[in-house]
Amino acid sequence: MFCGNKSPMLGRLPSFDYYRPATLDETLTAMERLNGNFCVLAGGTDLLVGMKERRGRHPALLDIKALPELAGIRADNGTLCLGATVTTRAIAQSPLVRERFPMLFQSMKLLGSMQIGNRATIGGNLANGSPAADGAPPLLALGASVKLVGKTKERWVPLDNFFIGPKKTIIEGELLAEVRIPTPPPSGRGIFYKLGPRNAPEDICIVSAAVYGVPDGGANGWKELRIALGAVAPTPIRARHAEERLRGQPLEPKLVEEAARIAADRDATPISDIRGSADYRREMVYVLVKRALEQIARDYPSAA
Amino acid sequence: MSRPRKIRVTINGRKVEAAVAPNQTLAEFLRCHLSLTGTKEGCDTGDCGACTVLLDGKAVNSCLVLAVETHGGSVTTIEGLSSDGELHPLQQVFIDNGTVQCGFCTPGMILGAKALLDENPNPSEEDIRLGLAGNLCRCTGYVNIVKAVGAAAKVLRGGK
Ligand SMILES: Cc1cc2nc3c(=O)[nH]c(=O)nc-3n(C[C@H](O)[C@H](O)[C@H](O)COP(=O)(O)OP(=O)(O)OC[C@H]3O[C@@H](n4cnc5c(N)ncnc54)[C@H](O)[C@@H]3O)c2cc1C
Ligand code: FES
Ligand code: FES
């Protein structure tokens with residue numbers, strides 16, 4: 001029988017033990033017992049590909065998909081609570097997310113194909129620590145926090161402090177249990193743009209940008225304006241210099257252009273890789289940030 | 001290491017019990033253990049969709065699912081679509097519309113289309129193209145495939 005003529009580069013997964021605990025408590029106990037010799041398995045869409053490509057080898061996988069504590073989308077007094085194992089497609093299909101957090105909806109809709117989105121989890125998207133993670137820019141711009149749970153303590157960390165380097169996060173032998181997004185004011189407006197290699201979901205982005213603004217109600221400016229970028233630095237980042245330039249001022253065309261330039265030249269520190277050159281990425285940061293700021297300004301002519 | 005695990009899973013309506021190594025993917029399990037070779041493996045990394053099956057009604061890439069993860073679940077493969085020797089309407093319209101060239105993408109394409117139509121019985125062309133973005137056809141037969149899925153939607157809605 002023909003069972004698949006595997007390419008020598010990929011081949012089978014290396015062997016590992018598999019555990020599927022039923023509760024959070026069981027999981028934390030297992031994590032302690034395995035003493036670092038394990039890897040958490042959520043949707044597996046990053047992890048299993050990495051293991052097939054021999055980028056990672058783990059003696060044991062701890063499947064967290066059965067934990068009720070990590071499941072489900074809830075609204076808690078307007079705060080959006082996403083369990084870590086909620087799939088990106090479930091987020092894209094949530095009417096609550098679509099209505100109240102359109103920028104997040106947009107990014108989840110564009111994360112991978114239907115097949116990937118049915119497995120990929122929001123926790124895995126963030127914990128994987130990829131600078132190109134589609135969930136990161138909108139969640140950074142929306143001021144999200146993540147809950148990290150260990151055997152003896154748990155902590156809330158603003159997403160701003162979560163990413164440390166490529167594939168590195170602040171997680172230390174902990175589980176990412178939940179993502180929380182504070183209630184956006186009704187006037188808040190977010191835009192997410194993803195530039196991919198083809199005009200379809202399924203692909204990791206070349207550059208992505210999320211801009212979130214809350215007008216101050218007067219004629220002059222914005223109470224808050226956050227810009228976050230993907231795939232142009234060792235981690236997903238906030239474009240702090242560009243944000244600083246815009247603080248307290250109306251979004252006039254010249255200023256928008258200047259801020260977009262600052263985001264491209266000072267905030268972004270891209271590398272060249274298979275998806276695009278550093279120069280191209282910078283130029284696209286300029287284009288996407290400018291376009292997003294212009295869009296926001298158009299939506300709120302009184303604030304622009 | 002890597003003790004085999006007992007799993008119980010319903011495959012195409014039939015209850016299956018097996019001991020599987022944790023590192024065996026669902027695609028390998030279907031093809032090698034159950035001889036259900038209608039499920040194809042193209043890339044093995046989630047990119048091509050040839051290995052698409054329905055897991056608890058949802059389309060997934062079986063090359064990125066471990067067989068052990070399906071314990072207690074239900075899997076539909078291309079072999080499970082026809083009933084009593086009669087083709088599923090999607091299979092029939094795929095034949096009628098000349099969608100099959102080499103055929104390697106076809107099983108995954110049909111299951112992707114089934115998942116799409118189960119969720120959205122009346123998709124626009126745009127919906128179909130987006131929904132099947134994770135199913136690549138290296139013979140580039142997309143035009144006929146998109147047409148076929150539209151036609152199948154009509155048949156499944158009862159000709160309306
Ligand atoms: C074909 C393909 C297309 C893709 N397209 C996109 C795309 O367009 N955009 C995009 O952003 N990504 C894309 N991805 C990447 C991937 O699908 C996402 O990053 C996904 O969200 C990862 O989630 P997961 O549940 O599959 O993570 P897993 O693979 O299960 O885990 C990833 C990492 O995070 C850790 N981890 C997972 N959950 C937790 C937790 N709760 N606590 C602690 N650690 C945890 C794991 O140990 C592992 O190291 C794509 C992948 C493939 C294969
Ligand atoms: S073989 Fe699974 S997606 Fe290509
Ligand atoms: S018919 Fe050949 S890959 Fe689609």
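Two exercises with worked solutions follow, both on a predicted model.

In this predicted model, local features need pLDDT of at least 70 and side-chain atom pairs count only at pLDDT 80 or more, whereas totals for chains, interfaces and linings use all residues. Residues are numbered from 1 along each chain as its sequence is written, chains are lettered from A in the order in which they are written, and side-chain values use heavy atoms, with hydrogens and water left out.

**Exercise 1.** Describe the interface of chain A and chain B.

*Solution.* Begin with contacts (heavy atoms within 4.5 Å): 40 residues of chain A touch 42 residues of chain B. Next take the buried area, the accessible area (1.4 Å probe) that two parts lose on being put together, summed over both; here this is about 3200 Å², with 54% from carbon and sulfur atoms. On the side of chain A, A:Tyr18, A:Met114 and A:Gln115 lose the most area to chain B, together 19% of what that side buries. Finally, look for salt bridges (a side-chain nitrogen of Lys or Arg within 4 Å of a carboxyl oxygen of Asp or Glu), of which the rule finds five. One of them joins A:Arg12 to B:Glu28, with the closest N and O atoms 3.7 Å apart.

**Exercise 2.** Describe how domain 1 and domain 2 of chain B meet.

*Solution.* First locate the domains, whose bounds come from an automatic or database domain assignment: domain 1 covers 5-79 and domain 2 covers 89-156. Their C-alpha centres lie 21 Å apart. Then consider the interface, where about 1100 Å² is buried, 67% of it from carbon and sulfur atoms, and where the rule finds zero salt bridges.
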